[in-house]
Amino acid sequence: MTEKQEQAIRQQQIASLGRLVADFSHEMRNHLAVIQEANGLLEDILAMEGSKGSPLLVSLAETAGQIGQRVRRSADLCRYLSGMAHRSDTPLSFFAVNELVEELAVFLERSARSRKVVVQLDPGQGLEPIYNEPALLQHVLYQLYVFCLDLLSKGQTLVISTAQAEGGVVISFRLVGVPKLDLAGMSETVLAALSSLGVKLERGEGAGKGDIGSSGFRLVAPSLPVA
């Protein structure tokens, strides 16, 4: 098998996985919509009956509220999952970097929480969409998040921010509590992906003014010419 054939198989494999995940998330949203509708009906009935003076009705109302909260959260996760899965449909497209970062952050919550690390987003306002490969950029951002997570300890913070740049968007990673950062530890495959995207990796202004306990780096993601 040639290298080109192997790459084609891997691309098809990723595309198949993306379609399966998209279909799954769509189906789950349908089920959640039915549950939400039924729960909403229960909440309406409880509201009409009134819960004052009845411990059972109070308990049912609280339970219905918790169900509604969990269903809404699950629907949001499915929506983000669907969005991520569809990103591989069109390798090159216009997209909002903030939406991509926000979408990724939703799925980082669990791993950050398990490591007792805080992830903060600081999205820039009014950023122009860029034309590039959103699925590949999202993959790279996830790998960089993992890179950062390995350097952070309990109680430390990772700040991911975005800002407008000439011809693109800057995405910055700041590790609060990590005074020195060795970018040489970044994997070669991530560096190759950055090169493929035309992204510049720079040692960022990790430390804020008067903040000597931080380090960081930043990516300058360009908007490529539309063919």
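Student: Why is Lys116 called partly exposed?

Tutor: Lys116 has a relative accessible area of 49%. Buried means under 20%, exposed over 50%, and partly exposed in between (1.4 Å probe, protein chains only). At 49%, Lys116 therefore counts as partly exposed. This is a predicted model: local features need pLDDT of at least 70, side-chain atom pairs count only at pLDDT 80 or more, and totals for chains, interfaces and linings use all residues. Residues are numbered from 1 along each chain as its sequence is written, and side-chain values use heavy atoms, without hydrogens and water.

Student: What makes the phi of Lys116 worth a remark?

Tutor: Lys116 is not a glycine, yet its phi is positive, about 60°. Most residues other than glycine have a negative phi. Lys116 sits in the loop between α3 (97-114) and β2 (118-122). Helices (H or I, at least four residues) and strands (E, at least two) are DSSP runs, numbered from the N terminus.

Student: How do you know that the buried residues of α5 line one face of the helix?

Tutor: In α5 (residues 188-197), the buried residues are Val190, Ala193, Leu194 and Leu197. Down the axis of α5, they fall within an arc of 100°, so they line one face. The arc is taken from the directions between the helix axis and the C-beta atoms. Glu188, Thr189 and Ser195 are exposed, on the face turned away from the buried side.

Student: What do the buried residues of α5 pack against?

Tutor: They pack against β3 (130-132), α4 (134-149), β6 (200-203) and β7 (214-222).

Student: What makes Phe147 and Phe217 an edge-to-face pair?

Tutor: Rings of Phe, Tyr and Trp (its six-membered ring) pair if their centres lie within 6.5 Å; planes under 30 degrees apart count as stacked, over 60 as edge-to-face and the rest as tilted. By this rule there are four aromatic pairs. For Phe147 and Phe217, the centres are 6.3 Å apart and the planes stand at 65°, which makes the pair edge-to-face. Phe147 is in helix α4 and Phe217 in strand β7, so the pair ties together parts 70 residues apart in sequence.

Student: Why is the pair of Phe173 and Phe217 called stacked?

Tutor: Their ring centres are 4.9 Å apart and their planes are at 10°, so this pair is stacked. Phe173 belongs to strand β5 (residues 168-176) and Phe217 to strand β7, 44 residues apart. Phe147, Phe173 and Phe217 form one aromatic cluster.

Student: How do you know that Phe147 and Phe217 are buried?

Tutor: Phe147 has 13% relative accessibility, so it counts as buried. Phe217 has 1%, so it counts as buried too.

Student: How do you know that Asn39 is buried?

Tutor: Asn39, in helix α1 (residues 3-49), has a relative accessible area of 5%, so it counts as buried. Leaving out residues up to four places away in sequence, Asn39 touches Ala64, Ile67 and Gly68. Contact means heavy atoms within 4.5 Å.

Student: How are the packed helices α3 and α4 arranged?

Tutor: Their axes are 11 Å apart, at an angle of about 35°. Axes are lines fitted to C-alpha atoms, for helices over the stretch in contact, and angles run from 0 to 180 degrees between N-to-C directions. The contact includes Leu100 and Leu104 of α3, and Leu141 and Tyr145 of α4.
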